[in-house]
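Trainee: Hi! I have a new model open and would like to talk it through. Could you walk me around?

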Amino acid sequence: MATNDASTNIVSQAPGKRPRVAVVIPCYRVRAHVLGVIEAIGPDVTRIYCVDDACPEASADHIEAGTHDPRVRVLRHDQNQGVGGATITGYRQAIADGMDVVVKLDGDGQMDPALLPELVAPILRGEADYTKGNRFWDLRQIGRMPLLRRLGNLGLSFLAKVSSGYWDIFDPTNGYTALHVAVAERLPLDQVSRRYFFETDLLFRLGTLRAVVVDVPMDARYGDEKSNLRVSRVLGEFAFKHLRNAGKRLVYNYYLRDLPAASLELLAGVLLLGFSLVFGGWHWWLSASTGQAAATGTVMVAVVTFVSGLQFVLAFLNHDIANVPRRPLHTLLHRHRRM
């Protein structure tokens, strides 16, 4: 867990200039915790956007009555838009207010505000465009996470690697994140998923921009908060969206934006594997229905094309894993507005 001693001062990460850091807190059924979260946010933060996402607990009124912090600005949704919609509203306000970095912090007390400087520091040092917490970094802490969440995150992490192209990150649904505003300006925010797929879909969008994403170790914190996520409701939706994003990513990066040798390896691998499965399956069915063994040559054709296709696909994966973005995007962008 980050402590005040371990957490570097945000200002010190950008000598000669005070960075403008904003925090977005989506507010939906977090009345019991949100004021404590706001109070724990350090003085180096410039703005705190509390987005009332049509909360049935009247979070906006509760915050306005319960805090006099001048940094706090309450934003309201007439209709519930989900955690992604609330975060995007905060992103847009941070862009309009000329912030440098915007942090998304949940209002349920699961995320320690003391970790905020560690999330922001890699961005201010020019090492990352987007940072996110990783609750799996310390193996000793994993046991504190509920078993269902642990297993779900393991599966989702692999799917997110495939769909986003960020093979070196983990815990993709972790909502404790920081984003450089120059990169946020380039994101198609109208197209990002608004609800529980938000963090994962954002990774996909960042991947299409070739933004650098870095994991920051954090501990899992669970108290009396209740999750609004129901795995049974989103399982099919998540699977479909991961498949869709994976297809888009491959087309964008390997056939539209560029055409490296890996593009041909993937194409050859898919064609050979497809042929081997169809050809081998057809002759297996013929052999089973007629009782006659397939000729040696027929078997060899199926085996050789399968092995060759598998080798091409593995070669492509090797290239894809090595192709994770390494040069931060925000250092290349020219921002034509007053900071």
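Mentor: Happy to. One term to start with: a cavity here is a set of grid points where a 1.4 Å probe fits but cannot get out, and its lining residues have an atom within 4 Å of a point. Also keep in mind that this is a predicted model.

Trainee: Okay, which residues line the largest cavity?

Mentor: The lining is made up of Ser 164, Gly 165, Tyr 166, Gly 207, Arg 210, Arg 249, Asn 253, Tyr 254, Asp 320, Asn 323, Val 324 and Pro 325. Helix α8, residues 231-256, gives the most to that lining, with three residues.

Trainee: How much space lies in there?

Mentor: About 90 Å³ in the largest cavity. A search of the whole structure turns up one cavity of 30 Å³ or more.

Trainee: Let's zoom out. How many helices and strands does the protein chain have?

Mentor: Ten helices and seven strands. The chain has 339 residues, and 49% of them count as buried. If you take contacts between residues at least 6 apart in sequence, 80% join residues at least 24 apart.

Trainee: And in what order do the strands sit in the sheet?

Mentor: It is an open sheet of seven strands, ordered β3-β2-β1-β4-β6-β5-β7, with mixed pairing. β3 (72-77) and β7 (213-217) each have a single partner strand, so one side of each has no neighbour in the sheet. From one strand to the next, the twist averages 20 degrees.

Trainee: Which way do β2 and β3 run, parallel or antiparallel?

Mentor: Parallel, with six bridges joining β2 (residues 47-53) to β3. As one example, Asp 53 has His 77 in β3 as its bridge partner.

Trainee: What about the partners of β6? How many bridges join β4 to β6?

Mentor: Four, and β4 and β6 run antiparallel. Val 101 stands opposite His 180 of β6. β5 is also antiparallel to β6, joined by three bridges, and Thr 131 faces Ala 178 in β6.

Trainee: Are the faces of β6 covered or open?

Mentor: Both are covered. Thr 177 and Leu 179 point to one side, Ala 178 and His 180 to the other, and all of these are buried.

Trainee: Which strands does helix α4 lie across?

Mentor: α4, residues 116-124, lies across β1, β4, β5, β6 and β7, and runs at about 145 degrees to β5. Helix α2 (residues 59-66) lies across β1, β2 and β3, at about 165 degrees to β3.

Trainee: Changing topic: I clicked on Gln 93. Where is Gln 93 found?

Mentor: In helix α3, residues 82-96.

Trainee: Why does Gln 93 count as buried?

Mentor: Because its relative accessible area is 16%, and buried means under 20%. Leaving out residues up to four places away in sequence, Gln 93 touches Tyr 49, Arg 73 and Leu 75.

Trainee: Last stop, α7. How many of its residues are buried?

Mentor: Eleven of twelve, so to speak a mostly covered helix. The buried residues include Phe 198, Leu 202, Phe 204 and Gly 207, and Gly 207 is also one of the residues lining the largest cavity.

Trainee: How far does α7 reach, end to end?

Mentor: 17 Å from its first C-alpha to its last, close to the 16 Å expected at 1.5 Å a residue. α7 spans residues 198-209 and is followed by Arg 210, which has a positive phi near 65 degrees. Arg 210 is another of the residues in the cavity lining.

Note on methods
Residues numbered from 1 in each chain as written. Predicted model: local features only at pLDDT ≥ 70, side-chain atom pairs only at ≥ 80, totals over all residues. Heavy atoms only, no water. Helix = DSSP H or I, 4+ residues; strand = E, 2+ residues; numbered from the N terminus. Expected span 1.5 Å × (residues − 1). Buried < 20%, exposed > 50% of the residue type's maximum accessible area, 1.4 Å probe, protein only. Pairing = 2+ DSSP bridges. Axes fitted to C-alpha atoms, helices over the stretch in contact; angles between N-to-C directions. Contact = heavy atoms within 4.5 Å. 1 Å grid on protein atoms, 1.4 Å probe; cavity = no way out; pocket = protein on both sides within 12 Å on 5 of 7 lines; lining within 4 Å. Points joined across faces, edges and corners; volume = space filled by probe spheres on them.
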